[in-house]
Amino acid sequence: MNHEYLLSVDGVTVSFDGFKAVDNLSLYVDKDEIRAIIGPNGAGKTTLLDIISGKTRPTSGSVSFKGAELTKLREHEVVRKGIGRKFQTPSVYESLTVFENLEMSYPKGRNAFGAWAFKRSKAVIEKVEEIAELIYLKDRIEDMAGVLSHGQKQWLEIGMLLIQNPDLMMLDEPVAGMSVGEREKTAELLKLLVEGRAVIVVEHDMEFVKRIADKVTVLHQGKWLAEGSMATVQQDPKVIEVYIGH
Amino acid sequence: MDSVSDLGAIFVMQGFNGLSNFCVLLLMALGLAIIFGQMGVINMAHGEFLTIGAYTTFLLSELAHSVGASWLIESYFVIAIVIAFFVAAAVGFLVEYLLIRHLYARPLDTLLATWGLSLILQQAFRSTFGAREVSATLPEWLMGSVQPTPTIDIPINGLVVMGLTAVLTSAVFFALLRSRWGVRVRATTQNRVMSSATGINTRRVDRITFSLGCGLAGIAGAAFTTIGSTGPTAGSLYIVDTFLTVVFGGAQSLVGAIASAFSIAQTQATMEFFMSGSTAKVLTLLAVITILMLRPQGLFATRVRG
Amino acid sequence: MSKNETASLPARALKELMQGDRVYLLLLAVLILIVFPATLSVFRLALVGKYLTYSFVALGLVLCWGYGGILSLGQGVFFGLGGYCMAMFLKLEASDPKSTSIQSTPGIPDFMDWNQLTELPAYWIPFKSLAFTLIAIPLVPGLLALIIGLAMFKRRVGGVYFAIITQAVAAILSILIIGQQGYTGGVNGITDLKTLLGWDIREDSAKLVLYYVNAGLLFGVVLIGRHLLASKLGRLLMAMRDREDRVRFSGYDVAQLKTFVFVAAAMISSIGGAMFTLQVGFMSPSFVGIEPSIEMVIAAAVGGRGSLLGAVYGALIVNFGKTFFSERFPELWLFLIGSLFIAVVMVFPNGLAGLDWAALKRRTLSVVQKLLPKRGHESSASEPAPTPAAPNGGRS
């Protein structure tokens with residue numbers, strides 16, 4: 001197949017002292033696609049994100065993004081290639097305001113001198129306000145991130161990714177701890193921002209996955225188990241066994 | 001002439017000269033490996049526990065000589081080792097209770113606070129014993145040397161210290177790997193919450209572990225009296241070396257601590273033969289931190305998840 | 001502005017001043033530039049000048065420790081290197097062939113002569129030039145900090161490990177200097193410094209000038225520091241201290257940022273060292289090793305590691321205390337400073353700067369406002385209420 005995917009994970013294995021967290025995993029994601037990665041705990045979902053984002057080096061295999069090899073790059077280099085990652089537990093700068101959080105992630109002035117000389121220009125202000133509106137935080141824009149609710153912190157983190165204008169967004173459990181209303185809003189948000197980019201979502205909430213995912217990949221014990229639409233996957237006997245069989 | 005065997009003899013003797021120093025360093029490193037490696041506590045006052053042990057030995061020496069009983073004069077040293085352990089451990093117990101237990105999640109703060117403690121202890125020594133160095137009078141049987149060959153002279157106190165260190169090292173290993181205390185310590189280190197949930201009194205485990213580490217430093221202090229005189233800052237000579245030793249070996253590895261103490265002490269002793277003491281020290285320290293810059297996890301660290 | 005709310009000009013100026021911490025900066029400037037020179041003897045003023053050079057180190061620590069989260073226990077290394085560079089220049093000037101004619105080898109520093117050296121070592125020669133020396137002062141420590149920083153931070157060595165290694169570096173340098181007494185002056189250091197390009201720095205008048213130069217440089221550093229911390233870089237450093245991973249995943253090279261702030265702290269400290277040498281007239285390894293380095297940390301901690309102004313106050317207070325107690329109650333000093341370490345960690349981690357100054361400011365402001373003359377009618381009861389003007393057609 002000559003089709004060049006946006007993200008290609010090829011035969012990746014990660015071994016910790018003999019224990020294989022990810023085992024010969026392959027995965028291909030395209031633009032304008034929301035891919036959900038599901039699987040029981042310990043299936044290797046977060047490890048997969050660690051590998052793509054450069055946090056963990058694979059023992060073997062390769063990851064290529066927009067044609068470039070990612071496995072040798074450091075985290076900030078992967079980010080600069082156009083990949084944004086949201087963590088399982090909300091990871092925002094608690095002692096800065098929502099505005100400052102978003103401004104911090106603005107893709108300009110990314111070294112010491114650049115940050116020192118960084119001017120809060122009109123373009124910056126407009127961009128920050130635009131993103132704040134998208135993530136439902138326009139009226140909280142001057143508040144300290146530390147006082148936001150759990151769900152709002154998750155949105156802020158998504159906003160911090162969005163402002164970098166990434167080509168691939170990876171969200172690790174974006175709706176964990178959210179109310180039903182918040183989940184709805186998050187689903188709408190994701191459907192909006194998948195335009196022109198790829199989104200990978202690791203989640204446990206099957207309803208949410210059903211709502212947003214174009215395609216679903218199931219992992220189990222670090223290995224690829226099944227893939228397809230949510231309906232296909234839910235009927236796959238291997239998947240049923242893994243989720244219900246234990 | 002037997003110049004080759006002469007040179008060999010020199011190396012052996014030089015080796016043994018370094019050996020007492022190595023033993024003190026090793027005992028200190030073992031104590032610190034337990035406290036730092038297992039508990040993650042930075043005890044900058046670790047050197048002062050050595051001084052506590054050394055002064056204890058000195059006091060017992062004075063006591064033995066003032067009482068005058070010859071059996072006491074001959075045997076006090078062995079008693080001193082035991083008492084030094086308990087005195088240092090008791091002080092350690094108090095320190096953990098008053099200070100350390102408030103600072104467990106804050107390693108940099110523990111570093112500063114224990115440094116403050118070390119200053120206080122040093123002044124306490126100075127006020128109690130005076131600024132001048134004192135020496136314990138070693139019993140007869142510790143003096144002198146054996147001569148396996150005409151050219152090799154091995155000091156007896158070196159052998160005794162070595163034997164003591166070997167016994168203690170095995171004891172620590174055995175305790176940590178086999179005893180119930182050892183299991184509790186390792187469980188607490190690896191998963192405090194879970195350990196507490198399964199009924200382990202983590203507070204008590206911490207306190208006993210810390211005291212044990214300090215007690216080992218106390219024994220190092222008793223051993224130290226065989227190689228040098230004791231002043232208020234005697235322990236501070238060892239603190240940087242001890243930390244580097246533990247970090248160099250891989251903080252959580254006891255085997256690493258042993259290998260590390262050996263290589264550092266021996267390198268320095270060997271180099272001292274060829275150049276001035278200060279240059280040897282500088283080069284040894286430089287070598288250690290250069291290697292640490294290249295391999296920050298130390299010699300014996302395993303790849304851990306996350 | 002309605003008549004009811006008119007405040008007099010002094011009251012408005014005061015309110016403007018009370019914004020942020022400008023008032024403390026002003027207070028410090030008044031204290032250092034006016035009060036101390038006016039009230040202290042030359043001898044005591046020189047002591048203050050000495051303490052102010054230590055504040056440079058504390059300022060550096062605010063940047064790298066308070067904001068960047070990097071605890072360095074070896075800042076004495078950079079202070080000392082700056083000081084030694086300046087000392088080498090001054091010593092060479094004082095060792096011209098005429099003044100040293102009684103030596104076996106004239107033209108070289110006295111300690112070299114005592115150690116039977118017969119010529120100036122190669123690396124001393126460039127220090128004959130003031131221009132070279134002035135460049136070397138920030139550059140040599142900066143370069144050392146760059147090497148250490150890159151080596152450590154690229155490998156994610158931080159926190160406690162980094163602190164221990166900086167301690168080892170301090171130990172290494174101090175042992176090295178003491179051991180090589182032929183080349184460095186050994187444990188006594190480089191002493192007997194006399195003139196800077198012919199100007200006698202030992203004279204009282206010179207000491208006064210140097211005091212002001214030092215204070216000027218100090219305020220320069222404070223102002224630049226404030227500018228830096230108010231910029232996005234300042235927020236970035238705080239973000240990095242609190243959530244390093246998130247900063248990394250926002251596309252920042254954390255190793256580079258840490259190195260930057262560590263090098264900045266090193267260069268600032270070395271300026272302090274150079275000014276120390278100029279004001280006090282010597283430099284020795286007792287300012288390089290582990291103990292002086294950690295004393296500088298405690299000064300920053302006492303003043304408030306997150307506050308530039310706090311660092312200056314902290315350095316002044318801790319060193320005043322040290323001089324006072326070492327003179328009167330030497331036995332007490334170590335107990336005091338040891339307890340201070342513990343107290344700062346356990347009780348007031350943000351130092352003096354962390355106390356509730358906002359409340360103090362509010363109370364002071366309200367008290368002063370009551371005392372200032374007002375044009376508005378929020379008056380005391382003794383003043384009669386103004387009567388409305390009678391309707392009058394003919395009043396001109």
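Figure 1. Chain C has a mean pLDDT of 87, and 91% of its residues reach 70 or more. Within chain C, helix α1(C), residues 9-17, has the lowest confidence, at a mean of 72. Helix α12(C) has the highest, at 96. Residues 377-396 of chain C have a pLDDT below 50. Beyond near neighbours in sequence, that stretch has 2 contacts in the model. Where pLDDT is low, the predicted coordinates should not be read in detail. For the model, ipTM is 0.86 and pTM is 0.87.

**Figure 2. Helices α9(C) and α12(C) in contact.** Helix α9(C) spans residues 204-230, and helix α12(C) spans residues 254-280. Their axes come within 10 Å and cross at roughly 170 degrees. An angle over 145 counts as roughly antiparallel, and α9(C) and α12(C) are therefore roughly antiparallel to each other. From α9(C) come Lys207(C), Leu210(C), Asn214(C), Leu217(C) and Val221(C). They meet Ile268(C), Ile271(C), Met275(C), Leu278(C) and Gln279(C) of α12(C). By class, this contact of α9(C) with α12(C) has 7 nonpolar, 2 polar and 1 charged residues.

**Figure 3. The largest nonpolar core.** This core holds 270 residues. Leu27(B), Ala58(C) and Leu61(C) touch the most other members. Helix α12(C) gives the most to the core, with 18 residues.

**Figure 4. The surroundings of Ala58(C).** Leaving aside residues up to four places away in sequence, Ala58(C) touches Met296(C), Ala299(C), Ala300(C) and Gly303(C), among others. Ala311(C), Val312(C), Gly314(C) and Ala315(C) are also touched by Ala58(C).

**Figure 5. Where chain C meets chain A.** Chain C brings 21 residues to the contact, and chain A brings 24 residues. On the chain C side, α10 (232-242), α11 (244-248) and α12 each supply at least two residues. The largest share of that side, 7 residues, comes from α10(C). What classes of residue make up the side of chain C that touches chain A? There are 9 nonpolar, 4 polar and 8 charged.

**Figure 6. Helices α6(B) and α8(B) crossing.** Helix α6(B) covers residues 180-190, and helix α8(B) covers residues 202-224. Their axes come within 10 Å, crossing at roughly 110 degrees. That makes α6(B) roughly perpendicular to α8(B). Trp181(B), Arg184(B), Val185(B) and Thr188(B) of α6(B) make the contact with Thr202(B), Val205(B), Ile208(B) and Thr209(B) of α8(B). By class, the contact of α6(B) with α8(B) has 4 nonpolar, 3 polar and 1 charged residues.

Key: Residues are numbered from 1 along each chain as its sequence is written. Chains are lettered from A and ligands numbered from 1 in the order in which they are written. This is a predicted model: local features need pLDDT of at least 70, side-chain atom pairs count only at pLDDT 80 or more; totals for chains, interfaces and linings use all residues. Axes are lines fitted to C-alpha atoms, for helices over the stretch in contact, and angles run from 0 to 180 degrees between N-to-C directions. Helices (H or I, at least four residues) and strands (E, at least two) are DSSP runs, numbered from the N terminus. Angles under 35 degrees count as roughly parallel, over 145 as roughly antiparallel, 65 to 115 as roughly perpendicular and the rest as oblique. Two residues are in contact if their C-beta atoms, placed from the backbone, lie within 7 Å. Ala, Val, Leu, Ile, Met, Phe, Trp, Tyr, Cys and Pro count as nonpolar, Asp, Glu, Lys and Arg as charged, and the others, Gly among them, as polar. pLDDT is the predictor's confidence in each residue, from 0 to 100. A nonpolar core is a set of buried Ala, Val, Leu, Ile, Met, Phe, Trp, Tyr and Cys residues joined through C-beta atoms within 7 Å. A residue is buried if 20 or more other C-beta atoms lie within 10 Å of its own, exposed if 12 or fewer, and partly exposed in between; C-beta atoms are placed from the backbone.
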